[in-house]
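Subject: Model for you to look at

Hello,

Here is the structure I said I would pass on. My notes on what was found in it follow below.

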Amino acid sequence: MTRNPVIWADVPDMAILRDGDTYYMSSTTMHMSPGVPIMKSHDLVDWKLVGYAYDTLDDADALNVENGQSAYGAGSWASSLRKHDGVYYVTTFSGTTRKNYVYTTDDIEHGPWKKQSFEPMLHDHSLFFDDGRAYMIYGGGDIRLVELKADLSGVKPGGVDQVIVRDAGAVAGGRRGLPAEGSQMVKHDGRYYLFNITWPRGDMRTQIVHRADQLTGPYEGRVVLHDQGVAQGTIVDTPDGDWYAFIFQDHGAVGRTPWLVPVRWEDGWPVHGVDGKAPRVLDLPADPDGLAGPDGLSGIVASDDFERAAGDRPLPLAWQWNHNPVNELWSLDQRPGWLRLTTGRVDQTLVQTRNTLTQRTFGPACSATVKLDASGLRDGDVAGLGLLQRQYGYVGVQNDGGQLAVVAVAAERYQPSEQARTPIDQPVVYLRAECDFRDREGGPGWVDRGGFAYSLDGQEWKSIGDPLPMAYTLPHFMGYRFALFSLSTNTPGGHADFDDFTISDQLRAGE
């Protein structure tokens, strides 16, 4: 049996294709680098992270966290994933740079990816090939179809450019809230099916579909799923001829989580769910090679001892930098077996800091521990382990005039405040952050919560600071992330060394 969500972690805006007996999926990671993760599966349940479409999206102040700018909640958004004439295509767009990006490769799992970009930006677009021509379907409210040049280098002059569905969200009724967007197109049995999300005011996220006999229309539409806010995505068939919708749900502070919903065809329409509902449990076995617990996320999250042999990938794919990194300021070689983060400028808060290394938190509960050597910190430096979102928190070690102290900081109202401080007389400490995302079972008033602890010997742990109320906020538009960081508030050039980053699906702070 399989339970929804099939991935209890932040994997939103999924695009999916089936290639023989293998499924590939791309997703949104916005301001993170590398970006547009590529995952694969043989059963739609157990997914493995195999690569990224790009290392860095572009060179811009916001993507580099420079000159007071950042790309939180921006960067690259919903991607499209296609295979055409033996070539794999990933496309995405960015409100930060106002461009569309097209990445191509012959080897989706190993790359390399070739990049090109063009303007104007096409919001929430979906790449679609039909009868030897390339198109993008895009927009919000009114959904448009535009034809591309044969080499996908831009919009084709004089090509198709028209609205194909006007006010697409109208089929959901009610007052307009979020207009229809997130277009994904499927051709089945000679018909065209356009999937979108809409969100009527005072209601919930709703999955809709429009169908037509011609790509240019006319289209007729209906609601295909109105349950638990599970919406936005597309449908995919199995080699055996079964169909599923792969869509997501806002799932609290952990982020937006993928759901697998059975689909059947009735009178030429894709009927979603079981009796109109997105089932919590599916009669579908997971991949027998899949693993239980956090390792079942197959590299979407990963522990790391930072030991590297010659020829190894520098960092596991689970790691992403918070914005574009400065590669000269991090190292696995300066102290073999450790990750060294060196500061290159003065910052005041965690969200301003560059070269913060992150990976997803996951549900229903999780924790991460790391060993920190703070002997390289300069006066005013702080380094540690955070839970990163706009309302972030962290446990770390600060150098204050040569005196080291373990500190707990929280930004519950978006401004950081120190909650606790414990002086220490040794540079090596162990830090722990944990998340409890069991909001669905907590009852009225329950909120997702984080917590922090430290140890001087790796055996005896002490909780520090208050529980952190965690909230998914739109300015960051991303679930909470574990974050390793080092920042200087006085003089740059100090460093922090990290070892033995370990994830768990158990809550253990203060044990």
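**The largest pocket**

Strand β6 gives the most to the lining of the largest pocket, with seven residues. Strands here are DSSP runs of E of at least two residues, helices are runs of H or I of at least four, and both are numbered from the N terminus. The pocket holds about 720 Å³ of space. Of the 33 residues that line it, Pro34, Tyr52, Asp55, Arg313 and Leu317 are the closest to its centre. The elements that give two or more residues to this lining are β6 (48–54) and β24 (320–322). By class, the lining has 18 nonpolar, nine polar and six charged residues (nonpolar: Ala, Val, Leu, Ile, Met, Phe, Trp, Tyr, Cys and Pro; charged: Asp, Glu, Lys and Arg; polar: the others, Gly among them).

On terms: on a 1 Å grid over the protein atoms alone, a pocket is an open set of points with protein on both sides within 12 Å along at least five of seven lines, a cavity is a set where a 1.4 Å probe fits but cannot get out, and lining residues have an atom within 4 Å of a point. Points are joined across faces, edges and corners, and a volume is the space filled by probe spheres set on them.

Residues are numbered from 1 along each chain as its sequence is written, and side-chain values use heavy atoms, with hydrogens and water left out.

The chain averages a pLDDT (the predictor's confidence in each residue, from 0 to 100) of 93, and 95% of the residues score at least 70. Over residues 289–296 pLDDT stays under 50, and the model has 11 contacts (heavy atoms within 4.5 Å) for them beyond four places in sequence. Where pLDDT is low, the predicted coordinates should not be read in detail.

**Cavities**

There are two cavities of 30 Å³ or more. The largest has a volume of about 60 Å³, and its lining includes Asp13, His125 and Gln232. Strand β15 (residues 178–188) supplies the largest share of that lining, three residues. The second largest cavity, of about 40 Å³, has His31, Tyr72 and Arg481 among its lining residues.

Buried means under 20% relative accessible area, exposed over 50%, and partly exposed in between (1.4 Å probe, protein chains only).

**Backbone points**

The bond joining Gly111 and Pro112 is cis, with omega about 0 degrees, and Pro112 lies in the loop between β9 (99–105) and β10 (114–118). The bond from Gly217 to Pro218 is also cis, with omega near 10 degrees.

Asp85, not a glycine, has a positive phi of about 50 degrees. Asp85 counts as exposed because its relative accessibility is 70%. Asp275 has a positive phi too, near 55 degrees, and sits in the loop between β22 (269–272) and β23 (281–282).

Regards

Note on methods:
Predicted model: local features only at pLDDT ≥ 70, side-chain atom pairs only at ≥ 80, totals over all residues.
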